[in-house]
Amino acid sequence: MSSNITRRVVLRGTAVAVAGAALVAPTAMAAGRGAMTGMDHSGHTGHGGPQPFDEMYQGRHIVGKAAEPGSMSAHHGDGFSVFIDDRELHIMQNGDGTWISIVNHYLPLADPHAIARAAVEKLRGAELVPMMMNMAH
Amino acid sequence: MAVRKNQAGLSATDKRNFVNAVLELKKRGIYDGFVRTHEEFIMSDRDNSDRVGHRSPSFLPWHRRFLIQFEGELQKIDASVSLPYWDWTADNTPTASIWGDDFLGGNGRSRDAQVMTGPFAYSTGKWNINASSDNRPYLQRELGADGAQLPTRAQVDAVLAMTTYDTAPFNSLSEGSFRNYLEGWRGQGRVHNSVHVWIGGQMATGYSPNDPAFWLHHCFIDKLWSDWQRMHPTSGYLPAGGTPNVVDLKDTMRPWNNVTPADMLDHTKFYTYDR
Ligand SMILES: [Cu+2]
Ligand SMILES: [Cu+2]
């Protein structure tokens with residue numbers, strides 16, 4: 001999918017928690033290459049779950065939102081779902097509140113937004129394989 | 001009895017035999033089964049529920065059993081082969097001989113991180129990536145990209161000096177835990193985890209065994225566990241029993257269901273290390 005201005009939704013309430021800033025540094029620097037829109041500083045992770053997001057990043061549509069009840073991520077993703085171009089990214093929250101994903105499994109980052117961007121950088125345009133395909137055995 | 005050697009000292013014949021056995025497992029479809037099994041455990045091992053392969057006390061015995069199974073498959077093809085280990089505190093650059101054309105092949109190219117050299121390059125037609133979280137069919141590496149660092153010998157020694165095998169809550173939060181500091185959810189150098197990150201590509205994902213470097217990395221982690229046991233002969237596996245969600249000393253481990261951490265404590269029943 002190419003970047004489509006009508007799909008670009010201004011980022012809201014996704015400030016990276018200060019405590020996570022150091023962990024996020026490589027990703028945040030890389031964000032300069034991307035199609036980052038606005039960022040306010042009202043948001044804070046850790047109160048009532050991660051902040052939702054919906055933006056174009058390096059030409060990819062990334063969305064993070066509360067998981068649909070009964071969905072795979074309600075079960076596996078700690079109640080939060082991340083999508084890259086409508087394909088779900090498997091994520092997991094660590095006991096200390098940091099997050100990892102299936103494509104970035106050994107380097108915890110501050111929140112699902114940082115995880116989504118790091119996944120876009122790692123994918124370099126590749127498509128995620130639908131999660132169910134991997135689960136079906 | 002197999003003797004596992006440091007990869008830096010392997011002869012050309014040792015390297016060729018190892019590589020050929022790995023390629024044959026791939027050709028027979030056996031290799032990808034290991035990749036899928038690893039990913040299933042990565043996805044289901046969680047800090048607050050049942051955990052076996054990772055972020056839990058059985059991280060070390062689970063991977064020991066996983067490596068023994070893989071080594072056994074290699075030996076069915078060539079009985080002379082054993083798993084080599086990679087001491088990434090010593091051979092710690094992208095130009096080290098482990099990444100040579102005669103062994104694991106080199107770094108990925110900058111455009112798409114695709115490994116272009118050695119026996120695991122996509123162009124050989126012998127190393128397609130079939131089990132992955134994305135649709136790229138080629139092996140990728142980004143050695144040391146984005147400032148990633150390998151653990152240093154001093155960082156490893158600090159972990160080896162820890163005297164308690166594992167501590168409550170027996171997950172990625174455990175403090176004062178040899179296992180958790182070696183696994184690298186805590187501690188300077190984030191030991192095991194940061195090696196996955198330093199290599200990048202599939203090694204940084206839940207499908208990390210797609211890169212044969214996985215086996216050499218985990219073989220060194222396994223050796224460090226045995227080094228630690230020798231340094232701390234009175235420090236046993238913990239927890240001993242009755243702990244929810246984790247594998248106690250005499251509980252069986254999935255997916256085998258017939259092997260316990262206790263069965264895995266003495267590796268010399270299965271293989272030895274060259275030093
Ligand atoms: Cu593993
Ligand atoms: Cu590992």
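Predicted model: local features only at pLDDT ≥ 70, side-chain atom pairs only at ≥ 80, totals over all residues.

## The interface of chains A and B

Across the interface of chain B and chain A, the rule finds two salt bridges. In one salt bridge Arg186(B) is joined to Asp96(A), and the closest N and O atoms are 3.4 Å apart. Polar contacts are also found here: 14 residue pairs are counted between chain B and chain A, with both residues at pLDDT 80 or more.

Which helices of chain B each supply at least two residues of the side that touches chain A? They are helix H2 (31-44) and helix H6 (191-199) of chain B. The most is given by H2(B), with six residues. By kind, the residues on this side of chain B divide into nine nonpolar, 14 polar and 13 charged.

In terms of contacts, 36 residues of chain B meet 26 residues of chain A. The two chains bury about 2600 Å² between them, and 53% of this area is on carbon and sulfur atoms. Of the area that chain B buries against chain A, Met43(B), Arg46(B) and Ser133(B) supply 24%, more than any other three residues.

Chain A holds an open sheet of four strands in the order E1-E2-E3-E4, paired in antiparallel fashion. Its edge strands, each pairing on one side only, are strand E1 (53-57) and strand E4 (87-89) of chain A. Neighbouring strands of this sheet are turned by 25° against each other on average, with direction ignored. Strand E3 (residues 80-84) of chain A runs antiparallel to E4(A) and is joined to it by three bridges. Within this pairing, Ile84(A) has Arg87(A) in E4(A) as its bridge partner.

Another open sheet of chain A is formed by three strands in the order E5-E6-E7, again with antiparallel pairing. Strand E5 (91-93) and strand E7 (104-109) of chain A are its edges, and each pairs on one side only. Two bridges connect strand E6 (residues 99-101) of chain A with E7(A), the two strands running antiparallel. Here the partner of Ser101(A) in E7(A) is Asn104(A).

Helix H3 (residues 112-123) of chain A packs on the three-stranded sheet, where the helix touches E5, E6 and E7 of chain A. H3(A) also lies across E1, strand E2 (60-66), E3 and E4 of chain A. The table sets out the direction of the helix against one strand of each sheet.

| Helix | Strand | Angle |
|---|---|---|
| H3(A) | E7(A) | about 135° |
| H3(A) | E1(A) | about 25° |

## A loop residue of chain B

Where in chain B is Ser235(B) placed? Ser235(B) belongs to the loop between helix H7 (213-231) and helix H8 (261-264) of chain B. Apart from its neighbours within four places in sequence, Ser235(B) is in contact with Thr163(B) and Trp228(B). A polar atom of the side chain of Ser235(B) lies 2.7 Å from the backbone oxygen of Thr163(B). Ser235(B) and Ala12(B) are 223 residues apart along the chain, and their C-alpha atoms are separated by 39 Å.

Terms used: Residues numbered from 1 in each chain as written. Chains lettered and ligands numbered in written order. Heavy atoms only, no water. Pairing = 2+ DSSP bridges. Contact = heavy atoms within 4.5 Å. Axes fitted to C-alpha atoms, helices over the stretch in contact; angles between N-to-C directions. Buried area = accessible area lost by both parts, 1.4 Å probe. Salt bridge = Lys/Arg side-chain N within 4 Å of Asp/Glu carboxyl O. Polar contact = N/O pair within 3.5 Å; in protein donor to acceptor, adjacent residues only side chain to side chain. Nonpolar A, V, L, I, M, F, W, Y, C, P; charged D, E, K, R; others polar.
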